Amino acid sequence: MHGVKRVRYSREALAAQKERELAKLKEFQGLTAEVLDRKKRKDHGRESFDLTTRLLHVNPEFYTIWNYRRLILLDGVFPTSTPTQTNEILSDDLSLTTTLLKQHPKVYWIWNHRQWCLRQVPDGPTDTDPNGWRQSYWNKELFVVEKMLEVDPRNFHAWNYRRHVLDNMPVKRTELSELAYTKRKIEANFSNFSAWHQRSKVLTSLWSAGKLDKPKSIEEELDLVKNAMYTDPGDQSVWIYHRWLISLGDSKNVVDREILSIDELLDEQPDSKWCMESLVFYKRLLLRKYSESLTDEERWKLGSDCEGLLAKLQRVDPDRKQRYIDLSGHSV
Amino acid sequence: MDFDVVVLGTGLSESVAAAALSKAGYKVAHVDTNQYYGGDEASLTVEELAEWADARASDDPSSDYLANQRARYTSITRSQTIPPQSRQYSVSLAPSIVPSIGPHIDSLIASGVSRYGQFKLLEKVAVYDRPGYVQSVPGSKEDVFKSKALSLLDKRRLMRFLMFAAGDFEGKKELEGKEQTPFVQYLQDVFSLKDQATSAIAYALAFCTSAEEPTLPAMQRIRQYLRSAGRYGASPFLVGHYGGLGETAQGFCRTSAVKGGTYILGRRVVSVESSPDDSTKDEKSTSTSHSYSVKLIDFDERLTAKVLVSSPDYVPTSLGGNTSTSKQSAYAVARCVAIIDKPLVFTPSEVPEDTPSTDTDGPTDGPEDEPSEKPEPPSYDVDTALLVFPPGCLQNGSTTTAVHALVTGEGSMSAPRGRYIVNISLSLSESTLSSSAEELLRPYLEAALSLTAPPSSSSVTSPATSLFSLFYIHHTPAAVSSAPPSSSSSVIVTPPSRPHLPTIADEATEHAEAMFWTAVKQLKAAGVQRTVPKEEAEEGDASVEKAGTEDTSPDIDSFWPPLDAVEDETSDEW
């Protein structure tokens, strides 16, 4: 655990602990031998099933035992069960994986078993509602993935899984609620590329569906991202999102205004590499995209500003010196 | 009855020292005239609190200890009726919030006392703004980002300061030469921070009590708190269950008792005497060692020991204790304890008017609406939180000193359901004053109560009134000088700890450690053997020849010895 000082224990205390561990180890070895033996004999009975449960609690990474468990279910249990019973058993197994995931959130085999259980869910509870059981499991999946993202909001596997769950749910969640979810994650810690990325996907979808007013929405996003920029100008994901927002628009005024904001931030934080780099990018954007509306003098000034910034960048970010030299050499 | 050490008073420092001495293998007798543990840091029920107040307000001097206590606590007034369920309250005489990193936490863990007690994370710190409203205190990047009250430039400057304060700032150019500058001025000059931000930083992050406090100690405190955030939760501070420090002191006493310490509560100390021993056989010894003997009422035998550790109010004048004429206060704090029946509501001033934003379910989403996504008005009720009054924020309040009010409810196990204890502290700049504690603190109590009637509630509610209130002034003694400090034979008197919310626990623990080492030195010089566990004795250096009168047990190498049992490290909740 982080931050917990190592406490000193007496020699007796440590010796006692070692003995306890030895006893546990012996138990585990005995149990493993028994279960593997049953597997060899293709014993697919109830007792074997319970033994796999015990063993998996001790070591959930033992994927052979997961395989064995599935064989027991497919061969010994499901054929003689009603849909309701099957559903119950799957529900219990899902609970088992939830418990184990809390302690072992990255073990592939537990996730694997979870997916397998979800695929096995029979139609039910009734003929008129064949997706009822599935729907409630998918809802729970969403809940589980949200818990994972609470523990580690930058886990891109979890974000992927989240998209997978959202796609597969029989009754979909609204995109606006997903937008709200990304906002919560960003507010908790905006140094989170995955959250911004998700937000960009959801917004795009909402715009094309006509559910949100695009220009107004872009303005709100620019405001949000600016707050993040000023709070931590060193955060990369924020600048990348900003760049995406600018690329969506067609208004020179907006680009001018944003350049002004970033200039002010640079005044306050003169060593900010991202400010400088973004200014170069946006000024060049003006030169490329809005060339006709610029006077000769303005064009010249933008070019010289960029040269100045690139020179400074070489000093502030010497690791990428060559890149800045390159950029200043090339035309817009 | 013969002991190695007699400790008088079960305040926090004395209890920590007693526990360490017992654990080190010394025979300890620990005495307190009161019927409860904790001394000046005790946690009391309301009835006990009323008795405590009355005993110190009355004129009848039934003991030296009480006479000293009467000088220590002045200007006492209280409401007469005791609320029902009075035994379910634990009111602290020394309210405290414990930083998650620091000497107190370290000792709690290393001594094993953390296993006896439980803690609640402080929920919020807010700055009083105007009746019914508070300003939240941005103490992390997340807070700063979300704040609607700070401008973009404010956010950058505040973040720059927080990053600086969390790092190794000693010797950096932003600080060099300015360590003694008044802190508020420093924030304005070096970080271009404005009033609201400097106020929040000085009084609600660094917990200064005035704008004049010097910069370096304030910066060190902020750094400790910034680094404490996240260890057990978002807040840097823990509040002990059952009244905080009193319960903790009791935990240390329990540890001491488990290791063989003898506990005597509720006996008046009749006399404390010291007599020099016969000169030792070792001619090299330059100091004479003493023996102390303590007579308790209704106790036939005197308690004797080579070393005496004592809280200042038990030290008789013959051994250097304070006479009433020489009483000099180092610090004085005006206190108010009030019990109320409604929670405080920390409604932020900057909550904007309700505008529909694109980030919530709109009415366009017909049948796909999910009931769980409808925005609910957030609840700003608090159970265990800190309210800060910067200087000048109240018309009838102090213009120079900040006031800190700790409110604790059921969550901290210090009050029954639906009840809350408000504990207000105001540092006084002069120890002699014309105003009474009540006059000084009533405006603050009323302002705090105005927060129980939130403006956002749908029905007009009136603010709570207090079911019980107590006001007093607490004088911390100046350091007591008994015999010259170089002598190895003086009474070890607990040095004063400033009774300030975030620092008192750490200070008291540091004092306890100093007292422990002094005691050990005196005990060694007096040739007292300690009982050591076999393991330690084996590791000790047995080859050194020592004279007969000297302690042959191995040197103590740390404040706390190793713990006896490995705990399952699955419990990570406080």
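**A walk through chains A and B**

A:Pro125 sits in the loop of chain A that runs between helix H5 (108-120) and helix H6 (132-151); helices here (H or I, at least four residues) and strands (E, at least two) are DSSP runs, numbered from the N terminus. The peptide bond leading from A:Gly124 into A:Pro125 is cis, with omega near 5°. This is a predicted model, in which local features need pLDDT of at least 70 and side-chain atom pairs count only at pLDDT 80 or more, while totals for chains, interfaces and linings use all residues. Residues are numbered from 1 along each chain as its sequence is written, chains are lettered from A and ligands numbered from 1 in the order in which they are written, and side-chain values use heavy atoms, with hydrogens and water left out.

Two residues of chain B also have backbone angles worth a look. Most residues other than glycine have a negative phi, and most peptide bonds are trans. B:Phe207 is not a glycine, yet has a positive phi of about 55°. B:Phe207 lies in the loop between helix H8 (195-205) and helix H9 (215-228) of chain B, and its relative accessibility of 1% makes it buried. Buried means under 20% relative accessible area, exposed over 50%, and partly exposed in between (1.4 Å probe, protein chains only). B:Asp298, likewise not a glycine, has a positive phi of about 60°. B:Asp298 belongs to the loop between strand E13 (290-296) and strand E14 (303-305) of chain B, and is exposed because its relative accessible area is 68%.

Back in chain A, helix H12 (residues 252-268) has 17 residues. From first C-alpha to last, H12(A) reaches 25 Å, close to the 24 Å expected at 1.5 Å a residue; the expected span is 1.5 Å times one less than the number of residues. At the N-terminal end, A:Ser251 caps H12(A), with a side-chain oxygen 3.2 Å from the backbone nitrogen of A:Asn253. The buried residues of H12(A) include A:Val254, A:Val255, A:Glu258, A:Ile262 and A:Glu268. The buried residues of this helix pack against helices H10 (214-231), H11 (236-248), H13 (273-289) and H14 (296-316) of chain A, together with helix H6 (152-166) of chain B.

Of its 88 residues, A:Trp196 and A:Val255 touch the most other members. H13(A) supplies the largest share of this core, nine residues. Beyond its neighbours within four places in sequence, A:Trp196 is in contact (heavy atoms within 4.5 Å) with residues including A:Phe190, A:Leu224, A:Val238 and A:Tyr241. A second, separate core of 42 residues includes B:Ile97, B:Leu158, B:Ala200 and B:Cys208.

A search of the whole structure finds zero disulfides over all chains, a disulfide being a pair of cysteine sulfur atoms within 2.5 Å. The sulfur of A:Cys275 is 14 Å from the closest cysteine sulfur, that of A:Cys306, and is therefore too far away for a bond. A:Cys275 is buried, at 0% relative accessibility, and A:Cys117 is buried with a relative accessible area of 0%.

Chain B contains several paired strands; two strands pair if DSSP finds at least two bridges between them. Three strands form an open antiparallel sheet in the order E6-E10-E7. Its edge strands, E6 (98-99) and E7 (119-121), each pair on one side only. E6(B) joins strand E10 (residues 237-240) over two bridges, with B:Leu238 as the bridge partner of B:Val98.

Strand E19 (residues 385-389) of chain B is mostly covered, with five of its five residues buried. B:Ala385, B:Leu387 and B:Phe389 point one way, while B:Leu386 and B:Val388 point the other way. E19(B) pairs in the parallel sense with strand E8 (residues 124-130) over four bridges, and in the antiparallel sense with strand E20 (residues 403-408) over five bridges. B:Leu386 is the bridge partner of B:Val125 and has B:Leu406 as its bridge partner in E20(B).

B:Asp32 is buried, with a relative accessible area of 0%. Its side chain makes a polar contact of 2.5 Å with that of B:Thr10.

Terms used: Polar contact = N/O pair within 3.5 Å; in protein donor to acceptor, adjacent residues only side chain to side chain. Core = buried A, V, L, I, M, F, W, Y, C linked by side-chain atoms within 4.5 Å.
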